[in-house]
Amino acid sequence: MQKFPGQDSILNAHLSKHDLLLSEITGIAPHLAAYYEAKDTLTLLMCKQKITDRLLLTGTELEAIVAELDCNGERIDQLASYVDDINRNRNTRLTVASVVVGALTTVATVALKNDASTAAGVAGGLTSAGLGALTINPKGKRVSIAFKRSLLKNIWNNDNADQAFPPAIWKILNEKAFSNSGDRSLIETIKNRWQQYEFNGKINPADQTLFFDKGGISTADDLHSLANMFNELQATIRSIQQDLRSLGLKVNSL
């Protein structure tokens with residue numbers, strides 16, 4: 001729908017800058033302006049129905065994105081926990097083996113004499129140390145994951161060519177006015193947070209491929225980081241839902 005005559009001045013008199021911007025992005029601005037200028041009941045009802053329909057559509061799109069992010073985050077978190085359990089069981093077995101080797105080494109050095117005793121002690125010590133080193137290996141077991149579609153990739157590359165995000169939501173994510181600081185977009189804010197907290201301020205090409213492209217071989221720590229990023233993006237989308245509800249309440253009060 002084209003702009004209603006005098007739309008900007010009409011809406012500026014009734015809406016905050018934040019709500020005005022959201023009404024333009026969701027496509028309800030012309031209908032709101034028409035509503036404020038309506039002279040008869042039928043026009044009022046028609047305008048309000050169109051506004052409600054547009055807000056309902058945007059709300060449904062937001063819910064779909066939240067559901068996808070929640071599903072992916074939950075599945076990856078469960079996989080990470082599964083790998084954690086495997087690693088814990090493995091470490092328990094290695095710790096027991098280390099203790100047993102240490103005990104056997106003590107018995108051997110007592111039973112043997114001279115060079116043979118020294119050799120047994122050194123060999124046992126090295127074996128025990130090796131098992132101990134395995135228990136602190138941060139990598140542990142790994143799993144292979146692959147992405148056919150990833151909302152994280154769209155955010156990281158600031159590219160929505162595949163239309164994974166509905167146009168209205170994508171536009172909100174790129175608007176600085178919807179961030180807390182107001183000096184950077186929600187996409188910039190999310191990406192900066194990931195860089196700082198998940199990659200210590202710097203990400204290498206291999207991790208970019210793993211987390212924001214095709215996937216790959218992942219450790220439990222990788223999976224936990226991935227789940228965290230899905231959950232953080234979900235929280236950001238939910239904040240947009242709050243903005244939409246606020247606008248919806250204003251519309252319902254008309």
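User: What percentage of the 254 residues in the protein do buried residues make up?

Analyst: Buried means under 20% relative accessible area, with a 1.4 Å probe and protein chains only, and in this predicted model buried residues make up 39% of the 254 residues. Local features here need pLDDT of at least 70, side-chain atom pairs count only at pLDDT 80 or more, and totals for chains, interfaces and linings use all residues. Residues are numbered from 1 along each chain as its sequence is written, and side-chain values use heavy atoms, with hydrogens and water left out.

User: How do the axes of helix α2 and helix α10 cross?

Analyst: Two packed helices are described by the angle between their axes and the distance between the axes. Here the axes, which are lines fitted to C-alpha atoms over the stretch in contact, with angles from 0 to 180 degrees between N-to-C directions, come within 10 Å for α2 (residues 17-26) and α10 (residues 220-252) and cross at roughly 95°. The two helices are therefore roughly perpendicular to each other, a term that covers 65 to 115 degrees.

User: Which residues of α2 and α10 meet?

Analyst: With contact taken as heavy atoms within 4.5 Å, His18, Asp19, Leu22, Ser23 and Thr26 in α2 meet Asp243, Leu244, Leu247 and Lys250 in α10.

User: Is asparagine 160 buried or exposed?

Analyst: Asparagine 160, which lies in the loop between α6 (151-157) and α7 (167-173), is buried, with a relative accessible area of 9%. The backbone oxygen of phenylalanine 165 lies 2.8 Å from a polar atom of the asparagine 160 side chain.

Conventions. Buried < 20%, exposed > 50% of the residue type's maximum accessible area, 1.4 Å probe, protein only. Helix = DSSP H or I, 4+ residues; strand = E, 2+ residues; numbered from the N terminus. Parallel < 35°, antiparallel > 145°, perpendicular 65-115°, else oblique. Polar contact = N/O pair within 3.5 Å; in protein donor to acceptor, adjacent residues only side chain to side chain.
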